[in-house]
Amino acid sequence: MSDLASIEAAIVRYNANPHYLLQILRDAQGELGWISPETTRRVAARLDIPRTRIDSLVRFYAFLHDTPAGAYRLRLSDNVTDRMQGSEAQLQRFLAAFGVACGETSADGLVSVDLTSCTGLCDQGPGLLVNERAIPRLDAGRVDEIVGLVKRRAPLADWPQTLFEIADNVRRADALLAEPMKPGRALDAAIALGRQGVIDEMKRSALRGRGGAGFPTGLKWEGCRNAPGAERFIVCNADEGEPGTFKDRVLLTRQAERVLEGMAAAGFAVGARRGLLYIRGEYDYLRATLEARLAAMRASGRLGVAIRGAAGFDFDIEIHMGAGAYVCGEESALIESLEGKPGRPRIRPPFPVTRGYLDKPTVVDNVETLAQATEVVIHGGAAFAGRGTRASTGTKVLSVSGDCERPGIYEYPFGVRLSHVLEDCGARDAAFVQVSGPSGACLTPDEFHRAIAFEDVATAGAFMVFDSRRDYFEIARNFARFFAHESCGFCTPCRVGTSLQSDLMDKIAEGRGSHYEVNELMRLSELMRRTSHCGLGQTAGNPFNDAWRKFRPAFEKRLQARDFAPAIDLEAALGPARAATHREDALAHLEAET
Amino acid sequence: MSEATFELDGVPTPFKSGQTILEASRDAGVYVPHLCCDPELGAHGSCKLCTVIVNGRTASACTMKALAGQEVEIDTPELEALRRSLVQMLFVEGNHFCPGCEKSGDCKLQALGYLLEMTNPHWVHFFPDLGVDASHPDVWLDRNRCIQCELCVRASRDVDGKNVFALAGRGIASKIVVNSPSGLLGDSDIAATDRAAHVCPVGAILVKRVGFAHPIGERIYDRAPIGAEVLACDVPESSK
C-alpha cells in the first residue's frame, strides 16, 4: 500500500471522526513508522481540524513520533523491578550491538533504542517493547537473538513466537481467578435482577473501585443512571500504568469474559448502550484476542441488540488503545484521550458520572472492578459483602514482583496482612515493600502486620518487594524521574515541580547535595501535594518523603556536610572555554588561580 | 439572585448563585492572584496561583464555586508563600529577562512577582533552549517567556475563531505550537487585530512596533500594583 493509501485507510476506518484521532494516528504510524508532515497535513485536511491538534497529540504520547524513528523501535522498561532484573546490562548490550546511544536512531534508520515507563512485565522482566510488541525475560541470550533478527531485518511477524510468550503467573486464586466464568452467566443474572435490582445488589455488595480511589461502585452506577441525558457510556479503564502493576493484563487474558460482561451489566443497569475499553498502548498484544472475543460475543447474542433476548438490553463494546501516557489512568484524562486529545485531567467537578465522554454521563471503572461486578450480580451483594473486611468487601488482586521466589498474581480477601503475602510469595529477606506503586507508600518490617484494605494500606494492586540489598534512595530517585517523565504539564506545580524534584534527587545522588536540598525537596513535595491539579502531582513527593522519613541513613550518607554545594561544577563548566581557546595550561584551571 | 454568603477570611461575603470564589471575591473587592483565568475567556485552572483554602482543603478559586457557609482563606502567610513559590517556578522554567522585555511594567507575571514580594527566583533555572519566532510582519512570538496559561489558545479558538495556537508536548517539555504548514507564525492566519495577539499576560506574544508607545515608568503596574483595580472597587473590570 502506498503511504497515502495507508493514511486514507486509517482515516476511513474511523469515519474521519476527530474523536478517533489518537486511533487514526496510531494506525497510520503502525503502517508508516512515524507521523510524517504528509500524514499530519492529510489527516488535518480530511478531519477538518487544525494541524496543531495533531502536533499536540504526537508530542504528548510517548509512542507517537514526528521524526522518523528506527524501523525497529526498541523500548526497554525502566521500572525499578526491571533494573533489579538486570535491564541496564541488557540496555548496554543493545547499545553496543547497534552502536547507538540511548534515545537515538542508528544512522541507517534500522533501529532505535530507548527507555520507557513500566511495561507491566514486572514478574517476568526485564521487559522490552519492539514496535509496541512486548517481550519478557530479557537476558543476554534473548538480546543477542533480537539483535540478530533486527540486523537481518526479519519482519516482526516472523520472529520466533517463544520470544513473545507472556506468562500469567497466577499464584493464588480466590473468587475471581479460581475458574473462568461460563459465558453469558453474568448477563443472565443481570437480566434476572432487572436494572434496579443490579444497582441494589451493587450497593448491597459495598464493592469499591479497584483502581485505587475506592469509590463505592453502586453509588457511581446509580449516579450515572440518575444523571440527566439521553445517552450514557461505560468506560473500562485498562490503562494500567502504575509501575509494578500487571493484574489487569492477567484479568484481560484469563477473565476477559468477566470484564466484558461486567461492562455490559453496568450498561444494562445505568442505561448505556456503548462501552469503551481503553487499553494502555503497552498491552497492544492483548487487542487481537479481545477483538476476537467481542466478535464471538456478538455472534452469540451476548453483545448487540436485545442481548440474551432481553428487549431493550442493547450494548456493544469498542476498544481504544492508549499510546504511552501514565496520566491517562486518571479517569478524566482517560476520557480526554478517548476523545482523541492529549490526556490532561479535566477540572472536577463536574465528575464523569454527570459529564464524561462527549460530556455525557459516563461510568469509568477499573478492569478489576468490572470483573468483580460479575461476582456481585451472580452471587448477590450480601454474599460478596461477606468476604473481606467491613469497609473493604470482596477480594483484591495483587501484582507481586521484586525480591521474592514466586512473583506473580495473588488474589486475597481484603484484610490480608502484608506479612502473609510476603510469606506466600517467598520473600525471605524483605526489607521494605512499595505498595501501590510510586504514588503509594513504602512500608518497612515494623508495618508488615498491617492489612491490605482501604481503611489501612490502600492499593491499586502493585506490591513490589525489596530485600536488604536494595537502596531506597535509588528507588525514590527512579520514581522521581518517572513522575517528571509522566507529568502532563498542565499545572505549574507538577510541570515544574516534578522536574525540579528529579534534578534535586540527581544532585544528591552525585554527592553534591546537602541539607539545603533536603529542605528544598520537603518544600517541593508539600507544594505539589497541596496545589497540583490531579493525583499525579499530589503524590509525586511520596517516594522522597518515605525515603527521608524511613531511610535516613541511605540519604545522609550521600549528603555533604556543608550547608550548600552549588549545582554547577565550575571547573567542568570551564571546559568548553578551554577547548575553544586551545588551553590546557595550569592557569586555565581553577585550582591554579587560588 | 441569592442572598447567601460565604466566609472570606472570616468576613461574611455575599455571592451570586453559580459564581466562582474568584468572581465573588472580585465583586467583594478582594483580589485573588491569578494568571490563566480571564473574565472573557473563562477559568482554566492551570497556573494554580489562585489556590485558596476552602473548608480546610486547598482548591483553585477560579474553578471552585462559592457555596453558602463555605469558609475560604485567601490572604494568609502560608498561601502567600505557596503562591510565591509558584511564581518562582514560572520564572525558572522559562527565560525571563525583565530589563530587556518590552512587556516590563505591563507584565502580569512580573507584577505578581512584586506583589508576592519575590526577591529572587529561588529554584534552579532550567535555561531551556526555546526560540523566538519573528516570522510574522506584525506579531512576535517569544517562547522563552511563555507561561503556558493557554490564554492565546483560547482567545484564538473562542474569540477569533482561528485556532492559531495549541499547547503541545508533555511535562516540562510542553510548549506553544502554531497552526501553519511550517509551524511559523508568519505562515499562520493570525492578525495583529486578533484577540490572541493581545491577550498574553507576559511578553511571549507581542504586537510589533508598539513596544514603547507607553514609556517605562508610565505603564499599568508602574502606576498601581496588580490587583489594585479590584481593591479600588470603583474601577470597572474593563480597565484590566
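Modeller: Start with the two domains of chain B. Their C-alpha centres lie 26 Å apart. Domain 1 covers residues 5-75, and domain 2 covers residues 99-223. These bounds come from an automatic or database domain assignment. Where they meet, domain 1 of chain B supplies nine residues and domain 2 of chain B supplies 13. Contact here means that two C-beta atoms, placed from the backbone, lie within 7 Å. On the domain 1 side, six of the residues are nonpolar, two are polar and one is charged. Nonpolar means Ala, Val, Leu, Ile, Met, Phe, Trp, Tyr, Cys and Pro; charged means Asp, Glu, Lys and Arg; the others, Gly among them, are polar.

A word on the ground rules. This is a predicted model, in which local features need pLDDT of at least 70 and side-chain atom pairs count only at pLDDT 80 or more, while totals for chains, interfaces and linings use all residues. Residues are numbered from 1 along each chain as its sequence is written, and chains are lettered from A and ligands numbered from 1 in the order in which they are written.

Stay in chain B and look at helix α4, residues 151-159. Helices (H or I, at least four residues) and strands (E, at least two) are DSSP runs, numbered from the N terminus. The buried residues of α4(B) are Leu151(B), Cys152(B), Val153(B), Arg154(B), Ala155(B) and Ser156(B). A residue is buried if 20 or more other C-beta atoms lie within 10 Å of its own. What do the buried residues of α4(B) pack against? They pack against two strands of chain B, β8 (165-168) and β10 (205-207). Just after the helix, Gly161(B) takes a positive phi of about 65°.

Now take chain B as a whole. Chain B has six helices and ten strands. Of its 240 residues, 45% are buried. Its C-alpha trace spans about 55 × 40 × 40 Å along the principal axes. The radius of gyration of chain B is 18 Å, which agrees with the value near 18 Å for a compact globule of 240 residues. That radius is taken over C-alpha atoms, and the globule rule is 2.2 Å times the number of residues to the power 0.38. Among contacts in chain B with a separation of 6 or more, 65% join residues 24 or more positions apart.

Next, cross to chain A. Here 30 residues of chain A are in contact with 27 residues of chain B. On the chain A side, α4 (51-60), α17 (472-486), α18 (492-509) and α19 (515-531) each supply at least two residues. The largest share, nine residues, comes from α18(A). By class, this side of chain A has twelve nonpolar, eleven polar and seven charged residues.

Chain A has 25 helices and 15 strands. Of its 594 residues, 54% are buried. Its C-alpha atoms fill a box of roughly 90 × 65 × 45 Å along the principal axes. The radius of gyration of chain A is 25 Å, in agreement with the value near 25 Å for a compact globule of 594 residues. Its assignment gives domain 1 (3-60), domain 2 (72-166), domain 3 (172-385), domain 4 (396-469) and domain 5 (473-556). The centres of domain 1 and domain 4 of chain A are 43 Å apart, taken over C-alpha atoms.

Look now at strand β12 of chain A, residues 408-413. Five of its six residues are buried, so β12(A) is largely enclosed by the rest of the structure. Strand β11 (residues 395-402) runs antiparallel to β12(A), with six bridges between them. DSSP must find at least two bridges for strands to count as paired. In this pair, Thr395(A) has Pro413(A) as its bridge partner. Strand β6 (residues 170-172) pairs with β12(A) in the parallel sense, over two bridges. There, Arg172(A) stands opposite Tyr410(A).

Finish with the largest nonpolar core, which has 240 residues. Such a core is a set of buried Ala, Val, Leu, Ile, Met, Phe, Trp, Tyr and Cys residues joined through C-beta atoms within 7 Å. Helix α11 (residues 256-270) of chain A gives the largest share of this core, ten residues. Val235(A), Ala265(A) and Val465(A) have the most contacts inside the core. Leaving out residues up to four places away in sequence, Val465(A) touches several residues, including Val400(A), Leu422(A), Cys425(A) and Val433(A).

Conventions:
Buried ≥ 20, exposed ≤ 12 C-beta atoms within 10 Å, placed from the backbone.
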